[in-house]
Amino acid sequence: MKLPTTDHYAVFGDPVAHSKSPRIHRAFAAQTGQMLDYSARQVSAEQFETSVQDFFAHGGKGINCTVPLKELAWRFATRKTARADAAKAVNTLALKADGSILGDNTDGIGLMTDLTVNHGIELSGRRILILGAGGACRGILEPIIGQRPQSVVIANRSPAKATELSLEFADTFNFDTCGFDGLAGLSFDLIINATSASLSGDLPPLPAGLLAENGDCYDLAYADQATAFVRWGQINNARHSLDGLGMLVEQAAEAYLLWRGIRPQTASLIALLNSERNFQAH
Ligand code: ATR
């Protein structure tokens, strides 16, 4: 008789100590009755390649990659999904039966599921503003286009970077770009913060009236307190002012699906993680 074996998974990042991914994936494993273990491993960019090879050589089946490893993971993967290529970043590596390493990016679909399914926030026909033009912004552009918004503006501290990014997508969508001073007088139905500013308590300078009536705010970052951008949304009467906790759980569910062939339920876990914080995002 063949004894059941435990498959190994991990999140690699730097820093990684406070990652919620081990808890999320262990909860998914318990819920779906699957035997696996999932750990957090401190891996710097310099150690990335050897650490991945070592992990897969010793029974590892899948890896989530977080800051600052997503671009490296994209370069490393031997095969990639179309959405990983659009993002030029990989947050999920999977060892396939033929020995190849598949790179996927589940961040974009994680955001879409949290916005549209969990919170009923439509993107279709709406005027959308994205703050920031780095990797986090790039990763969500393709799924946003797929929802057929009326318009999308990308505003960045250095406007040239926003323009450069928009040109990469010129064949599929016409993004408008500007610096933060170019936002005066404009108004949006959904504002997504893809800058890393709010993690350090900072906020890009946003003019009054930027959020339309019944508009929504979403910060891709998350924290145990309301981020500076979530607070800005609350002060500016957002219908919803959310952070990225729901997106985190949803991207994990998609990674779990890729690895294990089953998509776990997410609602009760999101509610539990939310209830443990100093504020409830809604
Ligand atoms: P990366 O580009 O390394 O993948 P990212 O977190 O996606 O990382 O990108 C950081 C984004 O946050 C950038 O858009 C950056 O603006 P610049 O391109 O002008 O550097 C933005 N950002 C970081 N700190 C900021 C701040 N204090 N105010 C406004 N924007 C900030």
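This report describes salt bridges in a predicted model.

## Basis of the model

Because the model is predicted, local features need pLDDT of at least 70 and side-chain atom pairs count only at pLDDT 80 or more, while totals for chains, interfaces and linings use all residues. Residues are numbered from 1 along each chain as its sequence is written, and side-chain values use heavy atoms, with hydrogens and water left out.

The whole structure holds 15 salt bridges, a salt bridge being a side-chain nitrogen of Lys or Arg within 4 Å of a carboxyl oxygen of Asp or Glu. One of them joins the side chains of Arg23 and Glu276, at 2.7 Å from N to O. This pair links distant parts of the chain, 253 residues apart, with Arg23 in helix α1 (residues 21–32) and Glu276 in the segment after α10 (267–275); helices here are DSSP runs of H or I with at least four residues, numbered from the N terminus.

Another salt bridge brings the closest N and O atoms of Lys70 and Asp107 to 2.8 Å. Lys70 lies in helix α3 (residues 70–76) and Asp107 in helix α5 (residues 107–118), 37 residues apart. Asp107 is buried at 12% relative accessibility, whereas Lys70 is partly exposed at 25% (buried means under 20% relative accessible area, exposed over 50%, and partly exposed in between, with a 1.4 Å probe and protein chains only).

## A bridge within one helix

Arg75 and Glu71 form a salt bridge with their closest N and O atoms 3.7 Å apart, and, being four residues apart in helix α3, they are separated by about one helical turn. Arg75 is exposed at 57% relative accessibility, while Glu71 is partly exposed at 44%.

Conventions:
Helix = DSSP H or I, 4+ residues; strand = E, 2+ residues; numbered from the N terminus.
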